[in-house]
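Open the model in your viewer and keep the selection tool ready. The tour goes from one stop to the next.

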Amino acid sequence: MEPANNSLASPTTFFLMGIPGLEHMHIWIGIPFCSMYVVAVVGNVTILAVVRAERSLHEPMFLFLCMLSLTDLVLSTSTLPRMLCLFWLGAHDIAFDACLAQMFFIHSFTAMESGFFLAMAIDRYVAICEPLRHAVILTHSRLAEVGAAVVLRGVAFFTPHPILLKQLPYCRTRIIAHTYCEFMAVVKLACVETGVTKRYSLTVAFAIGSCDSFFIALSYVFILRAVFRLPSREASLKALGTCGSHVCVIIVFYSTAAFSILTHRIGHNVAPHVHIFIANMYLLVPPFLNPIVYGMRTKKIRDRVLSSLRVRVS
């Protein structure tokens with residue numbers, strides 16, 4: 001274990017502890033984490049390849065899905081390989097600048113993930129509630145504008161995070177009680193008052209998460225209202241099944257993210273290993289589930305993948 005105190009105004013490295021209290025299980029915890037990462041990478045790359053190859057899939061729903069897949073790939077790759085090095089190789093040290101870069105990618109791409117969930121919910125709302133105007137409302141140029149807005153929002157709101165932390169003096173411990181460089185875990189190591197910095201981070205995260213989740217919920221309320229008015233019971237059940245699986249993924253993402261954010265603010269009695277384990281879930285589970293729920297459960301993508309596999313086998 002690294003010494004607890006280093007008087008460093010500008011540390012060259014930080015020490016990632018992992019999951020406090022579960023250090024003896026790091027090797028075993030890494031196995032399901034690695035499995036989820038492999039599924040996430042294969043699934044999201046498959047979606048990108050299928051949509052790129054099949055021109056009939058160049059529709060708003062699938063283009064938004066590609067944006068979500070790219071976000072998932074960056075989000076999971078910015079955390080999982082480094083986390084597995086910690087679990088399996090005991091590589092606890094991380095360079096200060098690499099820590100700040102990882103933090104930026106995690107927080108900005110989490111915000112992008114939330115934005116693309118909202119974009120996909122709006123697309124489903126327009127497709128179900130305004131089917132005749134769907135192609136007019138969601139043109140390719142408008143899709144590009146929405147995608148650019150989501151990316152710019154994530155970059156704009158979370159670029160200050162590494163800049164603010166770069167300026168702080170660190171004269172306390174350089175041990176981060178986490179599996180990755182999370183903003184609140186790092187800012188606690190500063191030896192000056194950081195109340196304003198913490199409030200900025202929590203406010204931005206809460207504002208983005210609450211606004212996006214509110215409009216997603218509103219979209220699905222209108223979608224469900226339209227679904228229950230469908231004349232065909234079979235069509236209603238099919239739509240409900242699709243919406244239900246989408247909602248489950250969204251609930252997992254927002255509930256785990258909200259738990260992590262609120263624990264920093266009011267959950268001081270939550271066990272550290274519980275907090276960090278759940279903080280890992282909102283980075284691991286959505287990239288793992290999204291290709292399955294949005295990809296393999298979508299008939300056009302599933303049929304295209306199966307037909308490609310048949311051709312290769314034969």
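**First stop: H178**

Select H178, which sits in the loop between β3 and α8. Strands and helices here are DSSP runs, numbered from the N terminus: helices are H or I with at least four residues, strands are E with at least two. The model is predicted, so local features need pLDDT of at least 70 and side-chain atom pairs count only at pLDDT 80 or more, while totals for chains, interfaces and linings use all residues. Residues are numbered from 1 along each chain as its sequence is written, and side-chain values use heavy atoms, leaving out hydrogens and water.

Is H178 buried or exposed? H178 is buried, because its relative accessible area is 2%. Buried means under 20% relative accessible area, exposed means over 50%, and partly exposed is in between (1.4 Å probe, protein chains only).

Now show the neighbours of H178. Leaving aside residues up to four places away in sequence, H178 touches L16, M17, G18, A185, I276 and A279. A contact is heavy atoms within 4.5 Å.

**Second stop: C181 and the disulfide**

Stay in the loop and select C181 together with C99. Their sulfur atoms are 2.0 Å apart and form a disulfide, a term that stands for a pair of cysteine sulfur atoms within 2.5 Å. The pair links distant parts of the chain, 82 residues apart: C99 is in helix α4 (residues 96-129), and C181 is in the loop between β3 (175-176) and α8 (183-187). Turn the view along the S-S bond. The angle about it is -120°, and the link of C99 and C181 is left-handed.

How many disulfides does a search of the whole structure find? It finds one. C99 counts as buried because its relative accessible area is 0%. C181 is buried too, at 0% relative accessibility.

C66 is buried, with a relative accessible area of 11%. C129 has 25% relative accessibility, so it counts as partly exposed.

With 5% relative accessibility, E182 counts as buried. Then pick H107. E182 and H107 lie 75 residues apart in sequence, and their C-alpha atoms are 8.2 Å apart in space.

Move to T79, in the loop between α2 (60-77) and α3 (80-89). T79 is buried because its relative accessibility is 0%. Which residues does T79 touch, not counting those up to four places away in sequence? They are Q102, I106 and L283.

**Last stop: the whole protein**

Zoom out and colour by secondary structure. The protein has 12 helices and three strands. Its C-alpha atoms fill a box of roughly 70 × 50 × 35 Å along the principal axes. Of its 314 residues, 46% count as buried.

Next, show contacts between residues at least 6 apart in sequence: 78% of them join residues at least 24 apart.

Finish with the charged side chains. There are 25 positive and 16 negative ones, and the centres of the two sets lie 5 Å apart. Lys and Arg count as positive, Asp and Glu as negative; His and the chain ends are not counted. Each charge is placed at NZ of Lys, CZ of Arg, CG of Asp or CD of Glu.
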